[in-house]
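Here is a short tour for anyone about to work with this protein. Keep the viewer open as you read.

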Amino acid sequence: MLKRLAKKVAVAALIFTALAAGLAAVLGYGFLQLLQTAVFGDDGDPSILSFVAAFITPPLFIGAAVLLGLGVRAQRRRTRTARNRRDDAAAQAEAWRRLYLRRDDLLVKWSRYETDVSLMIDYPVMTDYSDPVIREIIVAMQGIRAAEAEALDLGRGRAENSKLRRAVDRFEVAFVTAEKYARRCGQSKLSDSERSKLATARQALNIILDGAATPSEVDAAYRSLRGSLRGIIDLPDSAVADLEAHTRQALGVHPHGSTAASAASRAA
């Protein structure tokens, strides 16, 4: 509809320009005739110059004005197009940045259930990869990795239509579903013996994190914690490293293996 209207306006403008040029030529020629009659009388003959000035100059002037207007309009259109492209590129860059931030935030939330011993004790089902609900998170995470690799190979394109966006959406749904499922299940899928061991592990963890226990109590709690979790929760290396770091801190052990008391005595 708009294209048809633009064509009609262009045709009308062309007709008006032609009529204006013809009218200007006639008026110009008539003015020159009157001027010549006033100067030379009725015997004066129109010169070639007056003919050219009357009939050629007005159309040329109007044509030049039209071309200038068209040039200015085309330049404005090119400038507007370039600005729109820059704005679109900036908007897409921001959309990709938000998408990656959202992906990172979801992965961090999921990693807490794989590294935080407290969460692993309270919601053991989140590390049960044989459970279909939890397995969906792993599949969705693999989808994110595949989509990231494809985005690097083929170019990112538009974030809102990308496979990575769909993969992140799927991972978010899987994670939220699994989190609600784990909170609903709690430790209900475990046997009474396993729940008793996790209760012991929870008490031992509290002693390690409390900061008020003696070194011997912390050492005993660490051994109790590892023994209680054995066969129920398989702690990943990152969780073990974090747990050992808390234990060393509670024991006052420095990274090089000395205790705070021995370090102080050597400093004295």
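Let's start with a pair: the axes of helix 7 and helix 8 (residues 215-229) come within 8 Å and cross at roughly 150°. That makes helix 7 roughly antiparallel to helix 8, a label for angles over 145 degrees. This is a predicted model, in which local features need pLDDT of at least 70 and side-chain atom pairs count only at pLDDT 80 or more, while totals for chains, interfaces and linings use all residues. Residues are numbered from 1 along each chain as its sequence is written, and side-chain values use heavy atoms, leaving out hydrogens and water.

**Helix 7 with helix 8**
- Helices here are DSSP runs (H or I, at least four residues), numbered from the N terminus.
- Axes are lines fitted to C-alpha atoms over the stretch in contact, with angles from 0 to 180 degrees between N-to-C directions.
- Helix 7 passes helix 8 in a left-handed crossing, meaning that the near helix is turned anticlockwise from the far one by less than a right angle.
- On the helix 7 side, the contact (heavy atoms within 4.5 Å) includes Lys197, Leu198 and Thr200; their partners in helix 8 include Glu217, Val218 and Ala221.
- The residues of the contact of helix 7 with helix 8 divide into eleven nonpolar, three polar and two charged.
- In this count, Ala, Val, Leu, Ile, Met, Phe, Trp, Tyr, Cys and Pro are nonpolar, Asp, Glu, Lys and Arg are charged, and the others, Gly among them, are polar.

**Helix 7 with helix 9**
- The axes of helix 7 (residues 192-210) and helix 9 (residues 237-251) come within 8 Å, crossing at roughly 55°.
- Helix 7 and helix 9 are therefore oblique to each other, the class left after under 35 (roughly parallel), over 145 (roughly antiparallel) and 65 to 115 degrees (roughly perpendicular).
- Leu205, Ile208 and Leu209 in helix 7 meet Leu243, His246, Thr247 and Ala250 in helix 9.
- That contact has five nonpolar residues, two polar and no charged.

**Helix 8 with helix 9**
- These two pack at an angle of about 165°, their axes 9 Å apart, which makes helix 8 roughly antiparallel to helix 9.
- Helix 8 meets helix 9 through residues including Pro215, Val218 and Asp219.
- Eight nonpolar, one polar and three charged residues form the contact of helix 8 with helix 9.
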